Amino acid sequence: MTWTAVTEHRAQLGEGPFWDAPTQALYWVDIAGKQALRLIGSNVQIWQMPEHVSAFIPCESGDALVAMSSGVYRLDLDSPGLEPRLTLLCVADPQPGNRPNEARCDAQGRLWLGTMQNNIGENGEDLPIVRRSGGLFRIDRDARVTPLLRGLGIPNTLLWSDDSTRLYFADSLDRTLYQHFIRTDGSLDPAQVWFGPHERGGPDGSAMDAQGYLWNARWDGSCLLRISPEGQVDRVIELPVSRPTSCVFGGEDLQTLYITSAASPLNHPLDGAVLSIRFDVPGKTCTRFAG
């Protein structure tokens, strides 16, 4: 397979890739580096955030959302990179000492946000996780917040079945991918184990292809796993990075997979890069925030 680093930029903790089909733009973040990044063509724009930022998602209204420890903000995309204009949308998780980790929009354009105990020091250093204080929250276009889950360790992977009746969700502290059935009132049934611990690293972020297979980045596993709807490994995609963190399908035909990654003690040359590779199956489109 031929991998390409889409930019020379290297992140401390690259995460949250989002492909915006209308503008053919790739959004992602460097959580530890406090950066929100956007790639259009060969042009990379970087907004330096005042706090650790875990998600960067465009909105139908023309701006974008950024998820930070103190809340979810709107970012004016016309503002300069060193002086980003931010407006508070909501505080989803008021728990002191927590930070967001994973965020995706469902088919209705509602933001689902997973939070956890902050494990990143002010200088980007790792802090130990000592409590399961995280939660999962849904944020509607009017900024109304609905709590969905409590007691989470490290929330990762937020994907939905085509009929919006099932949520695929990982807790990396458990090394497990779960499935939740979504009730008609929007609440979640108890978690069912969908894909348990695997020898190739722990579960991080994921993308879903048009055939309903889930592509899961394996932290410390140097690979992606393509997992069937039945929860079986269909394919192992080897990667030239130690810590892949998430992935998304993009490009004009949605057959380019973009993979974010983090720095690691192994210091592989591409650690922290955003990689791209062409595949024979297209992915599903990302949904902007409806507000």
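Threonine 260 touches Gly14, Glu15, Gly16, Pro17, Trp28, Arg243, Pro244, Thr245, Ser246, Ala273 and Val274, when residues up to four places away in sequence are left out. This description, like the rest of the report, refers to a predicted model. Threonine 260 lies in strand S23, which covers residues 256-262, and its relative accessible area is 1%, so the residue counts as buried, the limit being under 20%.

**The protein as a whole**

The protein has 24 strands and zero helices. Its radius of gyration is 17 Å, which agrees with the value near 19 Å that a compact globule of 291 residues would have. The C-alpha trace spans about 45 × 45 × 40 Å along the principal axes, and 59% of the 291 residues count as buried. Of the contacts with a sequence separation of 6 or more, 44% are accounted for by residues 24 or more positions apart.

**Arginine 10**

Arginine 10 is found in the loop that runs between strand S1 (4-5) and strand S2 (14-20), and with a relative accessibility of 34% it counts as partly exposed, because this value falls between the limits of 20% and 50%. Two backbone oxygens lie beside polar atoms of the arginine 10 side chain: that of threonine 7 at 3.1 Å, and that of glutamate 8 at 3.2 Å. Glycine 153, by contrast, is 143 residues from arginine 10 in sequence, and the two C-alpha atoms are 27 Å apart in space.

**Methionine 68**

Methionine 68 belongs to strand S7, residues 64-68, and its relative accessibility of 3% places it among the buried residues. Beyond four places in sequence, methionine 68 touches Met49, Pro50, Glu51, His52, Val53, Tyr73, Leu86 and Pro100. Asparagine 98 is 30 residues away from methionine 68 in sequence, with a C-alpha to C-alpha distance of 10.0 Å.

**Two loop residues with positive phi**

Lysine 34 has a phi near 60 degrees, a positive value in a residue other than glycine, and serine 164, which is not a glycine either, has a positive phi of about 60 degrees. Lysine 34 sits in the loop between strand S3 (25-30) and strand S4 (35-40), whereas serine 164 sits in the loop between strand S14 (155-160) and strand S15 (166-171).

The table gathers the accessibility of the residues discussed above.

| Residue | Relative accessible area | Class |
|---|---|---|
| Threonine 260 | 1% | buried |
| Methionine 68 | 3% | buried |
| Lysine 34 | 13% | buried |
| Serine 164 | 27% | partly exposed |
| Arginine 10 | 34% | partly exposed |

Conventions
Residues numbered from 1 in each chain as written. Predicted model: local features only at pLDDT ≥ 70, side-chain atom pairs only at ≥ 80, totals over all residues. Heavy atoms only, no water. Helix = DSSP H or I, 4+ residues; strand = E, 2+ residues; numbered from the N terminus. Rg over C-alpha atoms; globule rule 2.2 N^0.38 Å. Buried < 20%, exposed > 50% of the residue type's maximum accessible area, 1.4 Å probe, protein only. Contact = heavy atoms within 4.5 Å. Polar contact = N/O pair within 3.5 Å; in protein donor to acceptor, adjacent residues only side chain to side chain.
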